[in-house]
Amino acid sequence: MMKSKADEEDYWNSSKFKAFTFDDEDDELSRLRESKQAVNSIRQLVEEDDDDDVEKVSWSGEPVGSISWSVRETAASNQRADREPAFPKIYTDTPAITKTNSVYSLSSLFKGKVRGGNLQALTDTLGESSARLYAPELRKPKSEYKDYVSDWSVEETVQRMQQGKTVSLEKFRSLQDKLLLLDFAVGAHDGNVITAVLIYLKRTLSKEVLFRELESRQTALRHFIHYLTETKDQRLLLELLRALGRTEDAALLQYREHLSITDENKKRDFLKSCISLPFSAEDSVHVQDHYTLLERQIIIEATDRQAERAGKMEIFQKFPRKASVLNMPLITTLYYCCFYHYAESEGTYSSPANIRQTFKISEKQYFVTALAARAKLKAWLDVDALFTSRNWLGFTRKKSPLSFQRVVDILQKNSAPTQVLQEYVGLVDDADLRITLAQKHKCHDIVINTYRDLKDRQLLLGYRAKVERGSVEERKIDELLHNQQIRWKN
């Protein structure tokens, strides 16, 4: 039976199997194509606000957003989730943000940008949640803050200070604790610890209490005085010495302040005020002499400076002054006056004799200073006058408070001629020493006369070979050797 054409079409259309068409919606290729389009649309949405038209690729070189990239990223994220440890969950009641009500795009979530809205809206929405994150608390080990605890005992505190560790002394507030801390520091025999504790007590105790307690602790007192001296806290040190009844030490400390005064007139006035301080008898004399010397130096300096500028004194022209006499020691001042004012009368301030009498300079000290000054000037007549003395019969002889060996050394250092040296070498008592000095300074007559007095012919013959041939000394030796009146011992 033959079917009509219309029935055939109904049969084919009503079959549960459909014929193959290229437009079939269930085709797998069509589904893949639709998936790719969906992914590309998401990528366009993310890059909607991106100004740079740059293609993004993954580390493997595949374009980000492709199907293979999406599948690989999904699998990798699942594997990471399986490997990562489970942390406490975050409980949140944050309401879901629907697409219709949201003003944020995917790119705004990734880049922090908003589209047609305010970022504060998202912050407020998230802030309304009761989300709490439970994380394990990481506490610092005790060793990190152990040094800062304040429950150390006095003995432990001192031990830690000896070890150079950080400690706080503020916890010791009572007087008993502070004194106990000081006693332990002294018992440790550590000067640094004692000084550190004393600094703390100086800051926290009144001066009266501190001075009273230090009086019975001599070791701590010595450290405290040394500390105040090094830090130049003169005022507090002066108060301490006065409180302890050490008036002489306080006077000496006040006297030392003259070292910081540069103006000579102010220093003179300050020294004058120090004369009335309670010094010992010996120190009082020194302070009085210091004031008198500075007062005299000021007068001498003013007079000599004026004379030097005016050119009135010839000695200032031949030997210009190299330094001022101000603030010079007493012996230096005496040397200066012996050099420039030796012939002045005793009534003037610059007279060496006046200075000797005022400051009670010993004869030996005056002699040495005057000898050095006049020998420097090559004033040999003045040098000779220093040694000349007269006895009660009117006879003159040479006398010296120094040994003549020392006199020869001073004259030789000032380039004295041989004739001058020979005169004083001959005054040396010891024969051997006299011969040694004479040979050293080439005083031939002294050597020859000494050998003659010793009647030693062999020594005289030996010395004849040392003098110059045909010289006066050689002829003198020959005359002595042929002298029949001398009885030689060899």
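## A walk along the salt bridges

Select Glu170 to begin: with a relative accessibility of 39%, it counts as partly exposed (buried is under 20% relative accessible area, exposed over 50%, partly exposed in between, with a 1.4 Å probe and protein chains only). You are looking at a predicted model, where local features need pLDDT of at least 70 and side-chain atom pairs count only at pLDDT 80 or more, while totals for chains, interfaces and linings use all residues. Residues are numbered from 1 along each chain as its sequence is written, and side-chain values use heavy atoms, leaving out hydrogens and water.

Glu170 and Arg203 form a salt bridge, their closest N and O atoms 2.9 Å apart (a side-chain nitrogen of Lys or Arg within 4 Å of a carboxyl oxygen of Asp or Glu). Glu170 sits in the loop between α7 and α8, Arg203 in helix α9, 33 residues apart (helices are DSSP runs of H or I, at least four residues, numbered from the N terminus).

Next, select Arg321 and Glu308, joined by a salt bridge at 3.1 Å, N to O. Arg321 is in the loop between α16 and α17 and Glu308 in helix α15, so the pair ties together parts 13 residues apart in sequence. Arg321 is buried at 16%, while Glu308 is partly exposed at 24%.

Move on to Lys476 and Asp445, whose salt bridge spans 3.9 Å, N to O. Lys476 belongs to helix α26 and Asp445 to helix α24.

Finally, visit Thr333 in helix α17, buried at 1%.

Methods
Helix = DSSP H or I, 4+ residues; strand = E, 2+ residues; numbered from the N terminus.
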